[in-house]
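Here are some notes to read alongside the model.

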Amino acid sequence: IKNFLISLTINHLDMAQNPLISILIATKNRQKYCLSAVQSILNIKDDRIQVIVQDNSDDTSLKEMLLSYMDDKRLIYNYIPGILSFVDNFSAAINLATGIYVCAIGDDDGINPEIIAAAEFANDNNYEALVGNVEANYRWEGTGAPDTFFTKMSDNTLTITHFNGKVKVVKVEDSLQKLMTNGATNYLDFHFPKLYHGIVKKRVFEKIKHKTGTYLKGLSPDIYAAIALACNVEKLLVIDYPLTIPGVCKVSGSIQEGQKKSNSKKLEDAPHFKGNKNYQWAEQVPNIYCVQTIWADSAFAAIKEFKRTDLIEKFDKYMLYANILDADPSLKPLLLEFIDKNKGGNTLDQEIKNINKAKLKGPYKKFLKRRVLGRMKKILKIERYEIINNLKDMSEVTDALVNYLSKLNIDIIKEFNKTK
């Protein structure tokens, strides 16, 4: 009891001296989206929140756009010109934060104001990390993403899928094991502490920096952070409730690399290598540029940094190959070229058979469970599914989400308290 009271006292002293939570936005050349994100956060009248804008754009036009907000002490803006890697831009944002907790979002994203109450609960109850879901997503105007078999891609639209508000405490070691058996990719399918769209105590990143010399390494700051945090956080608080609002705009990586697949597939062309001279790509990962390989490489970077060789032994390369082909079948020739050079004692036909087996237990099973069954639940109205149209910016999106959530019978603090 004495130790708990001491910890509680320290927590409240921290809150008196520092913001409760710093929202980090590392941005480059997406000024209008970043401005909208900042406006939407500063519209929240609460001194417990801080906004960090770390700008690596080609010019200082964003600073000029933000001039009218510079008197707000909750906003910290910093500009670093020249070549800066994604990882270094995010690291600079973490370094600027003075909040007890940090949460990184993209410059086309937003937050649910209830993130403040969630962080306060985590702080009062000594949780180092907390994550919500990503069931509220906004599509900006002009994305140009093609329709899918199940989904019509409408712009200026907030889409809110089903969630129940339930809370649980997760041991992250289980997630690390599952990630590696899934080919070290698609980490969002598992419960991880997250910098990107998650809430983490800043002091955990200071511990990581003390061990490794910097906050982040690898090529992808989001997955490197998730693995590094999982190696340093034992318990994770998970709530099935949207605390942030992922956005997608016409220049988002998820559009260019994911849906349109318009980027070069050559690894040397990946923008992640800018500012990363002499980077050592993981030998287990195909030297192809796509979302899955960038994620897998950064996962290996974190695993090696924290000397978790036991996790490398769990790595299922066939699941990685299956996930790559499921996301982009056009990569098959490049992937087979890599496999042929690294197949060991197997024939290429044997390797292809192993990939097909992995497809059945991985991507195909996931498709049936999440897409087909999920779509049926929506059609039969077993689960909620809401589309809100004609929202022109992140402030309108935030207001729309708050209004929608207010109509649900979900009290997140009551749900959090059930874990005590």
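1. Overall make-up. The protein chain has 17 helices and 14 strands, where helices (H or I, at least four residues) and strands (E, at least two) are DSSP runs numbered from the N terminus. Please keep in mind that this is a predicted model, in which local features need pLDDT of at least 70 and side-chain atom pairs count only at pLDDT 80 or more, while totals for chains, interfaces and linings use all residues. Residues are numbered from 1 along each chain as its sequence is written, and side-chain values use heavy atoms, leaving out hydrogens and water.

2. Of the 420 residues in the protein chain, 51% are buried (under 20% relative accessible area, with exposed meaning over 50% and partly exposed in between; 1.4 Å probe, protein chains only). Taking contacts (heavy atoms within 4.5 Å) between residues at least 6 apart in sequence, 78% join residues at least 24 apart.

3. Cores. The largest nonpolar core has 72 residues, and Leu24, Phe192, Leu195, Phe205, Leu216 and Ile227 touch the most other members. Such a core is a set of buried Ala, Val, Leu, Ile, Met, Phe, Trp, Tyr and Cys residues joined through side-chain atoms within 4.5 Å. A second, separate core of 58 residues includes Leu20, Ile41, Ile105 and Ile111. Beyond its neighbours within four places in sequence, Leu24 has contacts that include Ile52, Ala93, Ile94, Ile105 and Leu195.

4. Helix H4. In H4 (residues 86-96), the buried residues are Val87, Asn89, Phe90, Ser91, Ala92, Ala93 and Ile94. The buried residues of H4 pack against strands E1 (21-27), E2 (49-55) and E4 (101-104), as well as helices H7 (202-212) and H8 (221-230).

5. Strand E11. Six of the eight residues in E11 (residues 235-242) are buried. Strand E6 (residues 129-133) runs parallel to E11 and is joined to E11 by three bridges; strands pair if DSSP finds at least two bridges between them. Here Asn133 has Pro242 as its bridge partner. Strand E9 (residues 167-171) pairs with E11 in the antiparallel sense over five bridges, with Val170 partnered by Leu236.

6. An exposed residue. Where does Ile382 sit? Ile382 lies in the loop between helix H15 (363-379) and strand E14 (386-388). Ile382 counts as exposed because its relative accessibility is 56%.
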